[in-house]
Amino acid sequence: MTLQTCPLTHLYRAEHDRQCLRARRLVGSAAEDVVQQAFANILGRGGSAALANPSAAYLTRAVRNIALNHLRGLRRRAAVEIEGAEIEALADLSPSPEMVT
C-alpha cells in the first residue's frame with residue numbers, strides 16, 4: 001500500500017479542514033496542532049486492526065479528546081504559575097548572608 005492509497009491519506013484530505021474548524025471552537029489557535037496530533041496518533045498506531053481504516057467519527061472523537069487534554073494542560077500550567085507567583089511574594093527581600101559585606 002502506497003501513501004497515495006492509504007486510507008489515512010484519504011481521510012486526511014476529506015476531513016482535515018472540517019476537523020480544524022471543530023478544534024478551533026475548543027482551543028482557538030492551537031487547532032492545527034491538535035488535528036495534526038490526532039493524525040499522528042492514528043498513524044503511530046497503524047498496526048492495530050481497528051485503526052487500519054479509521055473513520056471520520058473516530059477522528060472526530062480523537063480530535064475532541066486531544067483538544068480537551070490541551071485545555072486541561074493549559075489550566076494545570078496556569079494554576080502552577082499562579083501558585084509560583086504567590087510563593088515569590090513570600091520571599092524574604094533582605095540580602096542573603098553571602099551578599100552582606
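Just after helix H1, Gly-28 adopts a positive phi of about 70 degrees. The model is a predicted one, in which local features need pLDDT of at least 70 and side-chain atom pairs count only at pLDDT 80 or more, while totals for chains, interfaces and linings use all residues. Residues are numbered from 1 along each chain as its sequence is written, and side-chain values use heavy atoms, with hydrogens and water left out.

The protein has three helices and zero strands, and its elements run α-α-α from the N terminus on. Here helices (H or I, at least four residues) and strands (E, at least two) are DSSP runs, numbered from the N terminus. Of the 101 residues, 25% count as buried; buried means under 20% relative accessible area, exposed over 50%, and partly exposed in between (1.4 Å probe, protein chains only). The accessible surface comes to about 7500 Å², and 57% of this belongs to carbon and sulfur atoms; such areas come from the Shrake-Rupley method with a 1.4 Å probe, and for residues only the protein chains shown count as cover. Among contacts between residues at least 6 apart in sequence, 60% join residues at least 24 apart, a contact being heavy atoms within 4.5 Å.

Helix H1 comes next. H1 bends by about 55 degrees at Glu-15, the bend being the angle between axes fitted to the seven residues ending there and the seven starting there. Glu-15 is also one of the buried residues of H1, a list that includes Leu-8, Leu-11, His-16, Cys-20, Ala-23 and Val-27. Leaving aside residues up to four places away in sequence, Gln-19 touches Val-35, Ala-56, Leu-59, Thr-60 and Val-63.

Helix H2 has 14 residues (31-44), which at 1.5 Å a residue should span 20 Å; its end C-alpha atoms are 20 Å apart, in agreement. The expected span is 1.5 Å times one less than the number of residues. Ala-31, Val-34, Val-35, Ala-38, Phe-39 and Ile-42 are buried in H2. Seen down the axis of H2, these buried residues fall within an arc of 130 degrees, so they line one face of the helix; the arc is that of the directions from the helix axis to the C-beta atoms. On the other side of H2, Asp-33, Leu-43 and Gly-44 are exposed. Gln-36, also in H2, is partly exposed, with a relative accessible area of 46%. Its C-alpha atom is separated by 8.9 Å from that of Val-63, 27 residues apart along the chain.

Not counting residues up to four places away in sequence, Leu-59 touches Leu-11, Glu-15, Gln-19, Ala-38, Phe-39 and Ile-42. Ala-62, placed in H3, counts as buried at 17% relative accessibility. Ala-62 and Ala-38 are 24 residues apart in sequence, and their C-alpha atoms are 5.8 Å apart in space.
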